[in-house]
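Please read the following report alongside the sequence and the structure. The text takes up a helix and a sheet, then a pair of aromatic rings, and then a pair of helices.

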Amino acid sequence: MRSITKGPITNNTMRVKKMNEELVRQTLRTMRQGTKSMVAQATGLSVATCRSILIDLLNAGELVELDMEQSSGGRPAQIYKYNENYAYIVCLIVKAGISHHSITYGVVNLAGETVEKGELNTETDQMNEGFIIQLMDSLINNHPQIRAVGIGVPGAVHRGIINVSDIPNLVNVPLADSIRERHGVEVIVENDMNLTVYGLYQKQEYEDEESIIVATFIEGSLPGAGIMIDGHIHRGNTQFAGEIAFLPLGLSHDEQFMLLHNRDTFHTLAARSVSSLIAVMNPETLALTGTLVQPEDVEIIRNECLKYIPEMHMPQMRLLNDPDENYMFGLISMTLESLSYSLQLVEKRR
């Protein structure tokens with residue numbers, strides 16, 4: 001009679017094997033190169049287990065063999081190096097402008113190194129699913145080792161679908177599903193401010209799990225915010241968190257837009273939005289960014305916030321000078337993380 005425990009044991013064994021494989025993979029990526037003994041010491045796994053996993057990764061093309069380690073008398077050991085070009089990711093940053101929209105893109109290897117980059121501009125009514133699909137077709141045709149796609153967009157995203165955005169042609173479009181079904185790759189679609197705050201958090205390499213916020217005030221758009229709470233992105237139930245243009249300030253979106261684009265009223269309205277974030281999230285750091293924010297505005301907005309928030313609860317407030325750099329860093333980091341769980345995908349290239 002077949003044991004009723006055979007299935008669960010097999011499933012658990014496969015789960016452990018995958019976990020060990022991922023541990024070896026990530027360890028060797030960090031080490032850049034090493035022998036099976038070095039990997040075993042770094043991971044805590046047995047040499048035999050590491051040898052088996054290294055052979056599997058080598059056969060799959062994820063590793064390359066280097067010269068033998070110099071011997072001090074014993075048998076020389078094989079040195080393995082992680083193949084950083086085994087797979088690529090594509091990162092697309094979709095931006096809404098006043099006179100035109102744009103896509104900044106980068107093809108990146110597993111070490112986070114850029115293989116190809118560029119920028120495309122289009123008329124506002126031409127930024128749509130077809131435009132993005134056409135770009136993806138071209139990039140994947142040129143780089144067939146692409147395995148994952150990350151797309152950053154200005155707007156709220158729920159289950160891979162944009163539901164609020166400054167680019168109407170992308171609202172309620174199953175963009176992620178379309179690319180996934182067309183090319184058989186992993187796809188994530190994420191809010192631009194979530195990616196910016198995530199990039200800032202990753203670059204700072206905080207030792208403790210801190211709470212930080214990035215609030216943006218961009219010419220031609222309504223404000224938004226990206227929120228990290230205790231080291232994790234706060235998206236909310238329907239990933240609507242951070243859409244501060246919807247705060248009940250007693251103003252329509254048109255009125256908010258007009259007041260934020262007027263220097264005489266900008267600081268007061270911006271401070272009310274920022275104060276709401278501070279009161280609810282109580283972050284350690286709050287960074288201000290966007291083309292409407294000038295360096296001297298940080299202190300002015302901080303003083304305005306003190307009308308509502310006691311000094312002891314005020315976060316460190318700073319200007320984020322390089323939001324695009326943090327944005328792309330966050331998108332690359334998140335897309336590489338999504339890929340780490342799907343490297344076992346079967347080739348689906350046409």
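Across which strands does helix H6 lie, and at about what angle does H6 run to E12? In this predicted model, helix H6 (residues 192–204) lies across strand E11 (212–216), E12, E13, strand E14 (285–289) and E15, and runs at about 45° to E12.

These strands form an open sheet of five, in the order E13-E12-E11-E14-E15 and with mixed pairing. Strand E13 (232–233) and strand E15 (316–319) stand at the edges with a single partner strand each, so one side of each is left without a neighbour in the sheet. Strand E12 (residues 224–229) runs antiparallel to E13 and is joined to E13 by two bridges, and Met 228 stands opposite Ile 233 in E13.

The count of aromatic pairs comes to two. One of them is formed by Phe 217 and Phe 266, whose ring centres are 5.7 Å apart and whose planes are at 90°, so the pair is edge-to-face. Because Phe 217 lies in the loop between E11 and E12 and Phe 266 in helix H8 (residues 263–281), the pair ties together parts that are 49 residues apart in sequence.

| Residue | Relative accessibility | Class |
|---|---|---|
| Phe 217 | 1% | buried |
| Phe 266 | 1% | buried |

Elsewhere, helix H2 (residues 36–43) and helix H3 (residues 47–60) pack at an angle of about 115°, with their axes 9 Å apart, and the crossing of H2 and H3 is right-handed. The contact is made by Lys 36, Val 39, Ala 40 and Thr 43 of H2 together with Val 47, Cys 50, Arg 51 and Leu 54 of H3; these residues divide into five nonpolar, one polar and two charged.

Definitions and conventions:
Residues numbered from 1 in each chain as written. Predicted model: local features only at pLDDT ≥ 70, side-chain atom pairs only at ≥ 80, totals over all residues. Heavy atoms only, no water. Axes fitted to C-alpha atoms, helices over the stretch in contact; angles between N-to-C directions. Helix = DSSP H or I, 4+ residues; strand = E, 2+ residues; numbered from the N terminus. Left-handed = near helix turned anticlockwise from the far one by under 90°. Contact = heavy atoms within 4.5 Å. Nonpolar A, V, L, I, M, F, W, Y, C, P; charged D, E, K, R; others polar. Pairing = 2+ DSSP bridges. Phe/Tyr/Trp six-rings, centres within 6.5 Å; stacked < 30°, edge-to-face > 60°. Buried < 20%, exposed > 50% of the residue type's maximum accessible area, 1.4 Å probe, protein only.
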